[in-house]
Amino acid sequence: MTRIFSGIQPSGELHIGNYLGAVQNWVKLQEAHECFFCIVDYHAITQDYDAGSLESRTLEMAIGLLAAGIDPERSVLFVQSHVSEHTELAWLLTTITPLGELERMTQFKDKSQRQESVLAGLLNYPVLQAADVLLYKADTVPVGEDQVQHVELIREIARKWNARYGAGFFPEPAAKVGKARRIIGLDGEAKMSKSLGNTIGILDPPDRIWELLRPAKTDPARVTRNDPGDPEKCNLYSLHQYFSPPPTVDDVARKCRTAGWGCLDCKRVLANNITAAFAPFRERARELKAHPDRVREILKTGAERARAVATDTMRDVRERMGFLPADLALPVRD
């Protein structure tokens, strides 16, 4: 059976960019694959963050994933920092990863340009990603198209380690890019991101969804109600394709091109369809929020299952790299 690994940062409540770009695919994958899904809190601290809210944001993310359909009976759902082998393997992989490979990562170049002093954690972020995946010997990594370069680096790191310490030990995982490759935010410009404030949460109530959609950017050609537009230039039309039935999508396109309705009419239909699509999620989330200890227990059990695999991997890694086994180490005497 194919083994899947994928992670998501604890940004709090899931938004539709997370859902369409990753989580929707995860839910389908768990039906036929062995899946490890990780809330990657170590990755979240590579840039400035609020330490006081990290715990609550991690729990909110777990609730969102469970509400969206991640089944802890079929998948291993856990928090990265609960399995210490992630950071141990990351250090070992750092020793064989060329600096140049890390510096050429597109995301590193983009983010480092915005920082006066670039922290080593940002540079080494992809090595920790490699450790996350290789620790479980995953065959496949579901990612957005902006992460494909990172999976290629994971494959390169696996090759380097295997060549030096044990041929074929780590598989070279393949990137699996979902149908929703890049979800643009409500500003119509940047990728949907909570930090940019251009998202809709999957657990947002109906009035909040409408509040967010109402000012959202549409085709700039539609200045007035009577101006025809081009649905292919309207970001909200792309969202209709995910949340509205095909006849509605066709009707939206026709009315846009002919100025058959205004953008507010289009937005209202989209708001109603998004509201309906996530209604079961909101109901499940309400139940989970009422029983937070149940969520913590799911994460604890997931970490135990993940640690069982990680422990075996690290035992073999240490042996191949020549470390003295801990059970053979003698106490140091004065």
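The model is a predicted one. Across the whole structure, a search finds two cavities of 30 Å³ or more. The helix pairs treated here are α13 with α14, which pack at an angle of about 90 degrees, α10 with α11, at about 165 degrees, and α3 with α13, at about 135 degrees.

**Largest cavity**

- The largest cavity has a volume of about 90 Å³.
- Its lining is formed by T218, D219, R222, P231, C234, Y237, V252, C256, W261, G262, C263 and C266.
- Two elements, α11 (246–257) and α12 (263–277), each give two or more residues to this lining.
- Sorted by class, the lining of the largest cavity comprises eight nonpolar, two polar and two charged residues.

**Second largest cavity**

- The second largest cavity holds about 60 Å³ of space.
- The residues that line the second largest cavity are M105, Q107, F108, K111, L122, Y125, P126 and H150.
- Here the elements that give two or more residues to the lining are α6 (106–112) and α7 (120–134).
- Five of the lining residues of the second largest cavity are nonpolar, two are polar and one is charged.

**Helices α10 and α11**

- Helix α10 (residues 235–243) packs on α11 with the two axes 8 Å apart and an angle of about 165 degrees between them.
- Angles over 145 degrees count as roughly antiparallel, and α10 and α11 are therefore roughly antiparallel to each other.
- The crossing in which α10 passes α11 is right-handed.
- On the α10 side the contact is made by Y237, H240 and Q241, and on the α11 side by V249, V252 and A253.
- This contact of α10 with α11 contains four nonpolar residues, two polar residues and no charged residues.
- Y237 and V252 belong to this contact and are also among the residues that line the largest cavity.

**Helices α3 and α13**

- Helix α3 (residues 51–68) and α13 have axes 8 Å apart and pack at an angle of about 135 degrees.
- With that angle, α3 and α13 are therefore oblique to each other.
- α3 and α13 form a right-handed crossing.
- From α3, the residues I63, L66, A67 and A68 meet F281, R284, A285, L288 and K289 of α13.
- The contact of α3 with α13 divides into seven nonpolar, no polar and two charged residues.

**Helices α13 and α14**

- Helix α13 (residues 279–290) packs with helix α14 (residues 292–321) at an angle of about 90 degrees, and their axes lie 4 Å apart.
- Angles of 65 to 115 degrees count as roughly perpendicular, and α13 and α14 are therefore roughly perpendicular to each other.
- E287, L288, K289 and A290 of α13 make the contact with P292, R294 and V295 of α14.
- By class, the contact of α13 with α14 has four nonpolar, no polar and three charged residues.
- L288 and K289 of α13 take part in the contact with α14, and L288 and K289 also meet residues of α3.

Methods: Residues are numbered from 1 along each chain as its sequence is written. This is a predicted model: local features need pLDDT of at least 70, side-chain atom pairs count only at pLDDT 80 or more; totals for chains, interfaces and linings use all residues. Side-chain values use heavy atoms; hydrogens and water are left out. Axes are lines fitted to C-alpha atoms, for helices over the stretch in contact, and angles run from 0 to 180 degrees between N-to-C directions. Angles under 35 degrees count as roughly parallel, over 145 as roughly antiparallel, 65 to 115 as roughly perpendicular and the rest as oblique. Contact means heavy atoms within 4.5 Å. Ala, Val, Leu, Ile, Met, Phe, Trp, Tyr, Cys and Pro count as nonpolar, Asp, Glu, Lys and Arg as charged, and the others, Gly among them, as polar. On a 1 Å grid over the protein atoms alone, a cavity is a set of points where a 1.4 Å probe fits but cannot get out, and a pocket is an open set with protein on both sides within 12 Å along at least five of seven lines; lining residues have an atom within 4 Å of a point. Grid points are joined across faces, edges and corners, and a volume is the space filled by probe spheres set on the points. A crossing is left-handed if the near helix is turned anticlockwise from the far one by less than a right angle, and right-handed if clockwise.
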